[in-house]
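Here's a quick tour of a protein model for you. Have a look at it first, and then we'll go through the details together.

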Amino acid sequence: MGETIDLKLHVWRQSGPNAPGRFEDYTHYAKAIPTHASFLEFLDIVNERLILAGIEPIAFDHDCREGICGMCGVVINGRPHGPRKATTTCQLHMRHFRNGEEIWVEPWRAKAFPIVKDLIVDRSAFDRIIQAGGYITARVGSAPDANAILIPKQVAEEAMDAAACIGCGACVAACPNGSASLFVAAKLGHFNSLPQGKPELDRRVLGMVTQHEKEGFGGCSNHYLCEAACPKEISVKWIAKMNRDFIRASLRYAPPVERKEGYG
Amino acid sequence: MASSQVLSFTRTAIGQKALVAVTGIILYGFAFFHALGNLQVFLGREAFNQYAEMLQSMPKLVWATRLVLLVALITHVVLVVRLARRAREAKPAHYRFEERMDPSEGILRRYARQTMLLSGLIILAYIVFHLMHLTVGAVPGLFFVRGMAYENLIYGMRTPWVAGFYLFANLLLGLHLYHGCRALFQTLGLRHPQWDRRSFAMALSITAVIVGTNVIIPIAGLTRLVGGELPEDPQEVLRTGEEKHTVSE
């Protein structure tokens, strides 16, 4: 089974949204952890032992466990997704911790991400931001020809960089202002860079930024901790583009006028 | 995308930040020209007092500038306080370990961005003190005679705690502008990878001129490198000033 390590584990336990939470010391259950285990597998192992000991297992979010779904995500020793750059919690392996290392695990902390239980937070604010403009109003159906709309290689690449956002919320977790600017900017940047997204650019940026405000996220004050925490390494340059597009849209956007039938 | 429910520009954080950046540019521009003007202290008493007189001879321009600066300053401060309060609400709880994020970030940049509110607050207090000292002349115990800008400045800087406060506040101003002048490009969406280096370099050199000047003047005054020709006792200046006055009459 290979090498194992013992860890000094402290986990945030909170039974419900309004219940008081506190750190529990699970060092006793964090011994002989295989270094090949991922961080989530480590929590699985601890949970199995907690169940055997008659303690309620730690609640944490997870889904694909291959770093693309954005479900997992806890703050490990003050850093969202732990100490490794560009790595989600599920892709973080225990070999990156020293034997005997102290580990403190907490949920994302932001007003707009209320804690559901233990390490699970409610990130549906992100869904509502997407509903406010993170889409293209287009006929769905068969896929169009790949070369029907010509997109320069560099534009396609950059849009893809923005689209790499998995919506995990690490940017919010890292931000001292609890701002989701990087998430909103990445989603906006993805659509607004491409010709398919441009017709609705103004409406999209106004709608999504407004929703971001209404959800109670803070504003960006250029700390750039989001970029450092992002497992997909989304650049803060997208926030600059969002700011530019938002300022421009605020100056020029007028809501469409309803047109009567038959006047084409 | 219910467009009717879109928040007005100044009610969003991005809009407020943009106004903070624009008012910041206004204050920044003033600080630059103010520092350049003050460099004339090194040209001697005559030149500096003439410069001060020249400014005072244009009261309309002076008051228009003061009005613009006052509005800019108030807007800057009020919006920042609002944004900070909002940010605090958005982050009600903190982590056991705060922010051990990016080791590649320099300590100066890190310190500058973490202390924007604090440095801003101290700079605000400094602006009030500076105006009371050299514009109104209402700081008890400090030499002030209207029309003697050079003497007012030099005798002020000979007082160690005054020079010390000017030094301290201007070093903080340096930190504040260091973060601010980089951040404003981001806030106003004026960044582009091709231009980043040039725009940052430009903003940082202007900052260096402002801070350099504002730091050199108190040091030069305190060490008598500038204004050493003035007598130690300010009363003597007044007496000789009166004599000259009577002579010229």
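How many aromatic pairs does the structure hold over all chains? There are 20 of them, where a pair means rings of Phe, Tyr or Trp (its six-membered ring) with centres within 6.5 Å. This is a predicted model, so local features need pLDDT of at least 70 and side-chain atom pairs 80 or more, while totals for chains, interfaces and linings use all residues. Residues are numbered from 1 along each chain as its sequence is written, chains are lettered from A and ligands numbered from 1 in the order written, and side-chain values use heavy atoms, without hydrogens and water.

**Aromatic rings in chain B**

- Tyr126(B) and Phe165(B) have ring centres 6.0 Å apart and planes at 80°, so they sit edge-to-face (planes over 60 degrees apart; under 30 is stacked, the rest tilted).
- That pair links helix 5 (residues 116-136) with helix 7, 39 residues apart in the chain (helices are DSSP runs of H or I, at least four residues).
- Tyr126(B) is buried at 10% relative accessibility, whereas Phe165(B) is partly exposed at 24% (buried is under 20%, exposed over 50%, partly exposed in between, with a 1.4 Å probe and protein chains only).
- Tyr126(B), Phe129(B), Trp161(B), Phe165(B) and Tyr166(B) form one aromatic cluster.

**Where chain B meets chain A**

- 38 residues of chain B are in contact with 55 of chain A (heavy atoms within 4.5 Å).
- One salt bridge is counted between the two chains (a Lys or Arg side-chain nitrogen within 4 Å of an Asp or Glu carboxyl oxygen).
- Arg86(B) and Glu213(A) form a salt bridge, with the closest N and O atoms 3.1 Å apart.

Note on methods:
Helix = DSSP H or I, 4+ residues; strand = E, 2+ residues; numbered from the N terminus.
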